Amino acid sequence: MTFVFDPAPQASVAIAGEESRFPVRRIFCVGRNYAAHAREMGKDPERDPPFFFMKPADAVVDATVNSNARIAYPSETENFHYEIELTVAIGKAGRNIPAAQAQDHIFGYATSIDLTRRDLQLAAREKGRPWDWGKAFDRSAPIAALHRVQDVGQRDSGRIWLSLDGETKQDADLQDLIWSTADVISIISHSMELKAGDLIMTGTPAGVGPILPGQIVRGGIEGLDDVVISVTEREGG
Ligand code: MN
């Protein structure tokens, strides 16, 4: 096969302790999956079923402690937010997966940040328009190295936190997820087939807020590598 120009490089994520990388197919994201965060966004966590949005595969950015990830303050926003999230990586395809069998499809887990142009997201929400411009922009998914599930076990509990310039802003436990990782895998797979290479960002706890140029964002999940980014000035002035 020939192409009229070179295809884009395969988007991928580092795997802890390995040379090989995890090729990314799609990035699913869960909206409002912690009750306290749903409340801070002005929604009732008891009444809203889970819903999803997506980011392009090449939104991933290597953001381990040693990768010195720098992300420029994005265009068209004045309210650029962090959201610490557990990412689950799918290693085996499946459709209509029962929650009790979801773990058979998990490759591993990583700590990640769902970077958000909050002003654009909220404007779209108010108008009933898609969230893509608020959520699916370039470099909006910094992620630390994946850990294989056989190395770290299922991540159903444990501290999840984020700091801005060293000050803790988000601090919760994975047990607080409204829809567990297994629930989320099952629900998505009843709507479309999950495939190896899919990532699922499982939602953020309360405490989201703005990042300014020059600030350093660091987040962690118990048992996994930390994610770290520094945000630089907006490109092109
Ligand atoms: Mn999110």
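What percentage of the 237 residues in the chain is buried? Buried residues make up 51%, where buried means under 20% relative accessible area with a 1.4 Å probe, protein chains only.

## Basis of the model

This is a predicted model: local features need pLDDT of at least 70, side-chain atom pairs count only at pLDDT 80 or more, and totals for chains, interfaces and linings use all residues. Residues are numbered from 1 along each chain as its sequence is written, and side-chain values use heavy atoms, with hydrogens and water left out.

## Overall form

The chain holds five helices and 18 strands. These are DSSP runs, numbered from the N terminus: helices are H or I of at least four residues, strands E of at least two.

Along its principal axes the C-alpha trace spans about 50 × 45 × 35 Å.

## Contacts, surface and charge

Take the contacts between residues at least 6 apart in sequence: 76% of them join residues at least 24 apart. A contact means heavy atoms within 4.5 Å.

The side chains include 25 positive and 34 negative ones, and the centres of the two sets lie 4 Å apart. Lys and Arg count as positive, Asp and Glu as negative; His and the chain ends are not counted. Each charge is placed at NZ of Lys, CZ of Arg, CG of Asp or CD of Glu.

Strand β17 (residues 216-221) runs antiparallel to β13 (residues 159-164), joined by five bridges. Two strands pair if DSSP finds at least two bridges between them. Leu164 stands opposite Val217 in β17.

β17 also runs antiparallel to β18 (residues 227-232), here with four bridges. Arg218 has Val228 in β18 as its bridge partner. The hairpin of β17 and β18 has five residues between the strands, and Gly223 takes a positive phi near 90° there.

## The three-stranded sheet

An open sheet of three strands has the order β10-β7-β16, with antiparallel pairing. Its edge strands are β10 (116-117) and β16 (209-210), each pairing on one side only. Strand β7 (residues 80-82) pairs with β10 over two bridges. There, Phe80 has Arg117 in β10 as its bridge partner.

Methods: Buried < 20%, exposed > 50% of the residue type's maximum accessible area, 1.4 Å probe, protein only.
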